[in-house]
Amino acid sequence: MKQTYQMFFGLNTPTGTISQDSWKAFQDVISMSFAGYTVQDCEGAWKGSQEATKLVTVTTKYQDKVNDVCAAYINMFNQDAVGLLVSNPMRFVTKVSEVY
């Protein structure tokens, strides 16, 4: 069953912050896993410290792929965790076909 997953990727690391180029490289991992997704810039906090955060939203039936993307981020950037919110699937409003 499809679910909507919101993944919260904090940009602070133990030695600084994740650069825009490094984020773009990681976004290739996301693109290889999902045909469509949304990325938003937001602010968050982890262990009492404010940090810039990327919020990635995807609707999929492949929870394993979501977990793999989160694990890749944790390993690539030495993160403690990735926030993950799971909810009912996003609905899409589409153009009505002229055929119908």
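In this briefing, a residue is called buried when its relative accessible area is under 20%, exposed when that area is over 50%, and partly exposed in between, with a 1.4 Å probe and protein chains only. The structure is a predicted model, in which local features need pLDDT of at least 70 and side-chain atom pairs count only at pLDDT 80 or more, while totals for chains, interfaces and linings use all residues. Residues are numbered from 1 along each chain as its sequence is written, and side-chain values use heavy atoms, with hydrogens and water left out. The protein comprises two helices and six strands.

**Overall architecture**

- Helices (H or I, at least four residues) and strands (E, at least two) are DSSP runs, numbered from the N terminus.
- Read from the N terminus, the order of elements is β-β-β-α-β-β-α-β.
- Along the principal axes, the C-alpha atoms of the protein occupy a box of roughly 55 × 25 × 25 Å.
- The protein has 100 residues, of which 29% count as buried.
- A contact means heavy atoms within 4.5 Å. Among the contacts in the protein with a separation of 6 or more, 70% come from residues 24 or more positions apart.

**Surface and charge**

- For charges, Lys and Arg count as positive and Asp and Glu as negative, whereas His and the chain ends are not counted. The place of a charge is NZ of Lys, CZ of Arg, CG of Asp or CD of Glu.
- The protein has 8 positive and 9 negative charges, and their mean positions lie 10 Å apart.

**Helix H1**

- The expected span of a helix is 1.5 Å times one less than its number of residues.
- Helix H1 covers residues 20–33, and its 14 residues should span 20 Å at 1.5 Å a residue; the end C-alpha atoms are 20 Å apart, in agreement with this.
- Trp23, Phe26, Gln27 and Ile30 are the buried residues of H1. Viewed down the axis of H1, these buried residues fall within an arc of 115°, so they line one face of the helix. The arc is that of the directions from the helix axis to the C-beta atoms.
- An α-helix has 3.6 residues a turn, so residues three or four places apart point the same way.
- Exposed residues Asp21 and Met32 sit on the face of H1 turned away from its buried side.
- The cover over the buried residues of H1 includes strands S1 (3–10), S4 (38–46) and S5 (49–60), together with helix H2 (63–77).

**Helix H2**

- With 15 residues, H2 reaches 22 Å from its first C-alpha to its last, close to the 21 Å expected at 1.5 Å a residue.
- The residues Val66, Val69, Cys70, Tyr73 and Phe77 are buried in H2. Down the axis of H2, they fall within an arc of 95° and so line one face of the helix.
- On the face of H2 turned away from its buried side are the exposed residues Asp64, Asp68 and Asn75.
- The buried residues of H2 are covered by elements including S1, S2, H1, S5 and S6.

**Residues in the strands**

- Gln3 belongs to strand S1 and counts as buried, at 18% relative accessibility.
- Not counting residues up to four places away in sequence, Gln3 touches Val58, Thr59, Thr60, Val86, Ser87, Asn88 and Pro89. Between Gln3 and Val58 there are 55 residues in sequence but 8.4 Å in space, C-alpha to C-alpha.
- Val86 is placed in strand S6 and counts as partly exposed, at 42% relative accessibility.
- Leaving aside neighbours within four places in sequence, Val86 is in contact with Gln3, Thr4 and Tyr5. Val86 and Tyr5 are 81 residues apart in sequence, and their C-alpha atoms are 4.7 Å apart.
- Thr13 lies in strand S2, residues 12–13. Beyond its neighbours within four places in sequence, Thr13 is in contact with Ile18, Phe77 and Gln79.

**Residues with positive phi**

- Lys47 is located in the loop between S4 and S5. Although Lys47 is not a glycine, it has a positive phi of about 55°. Lys47 is exposed, with a relative accessible area of 66%.
- Asn78 is in the loop between H2 and strand S6 (83–87). Just after H2, Asn78 takes a positive phi of about 55°, although Asn78 is not a glycine. Asn78 is exposed, with a relative accessible area of 54%.
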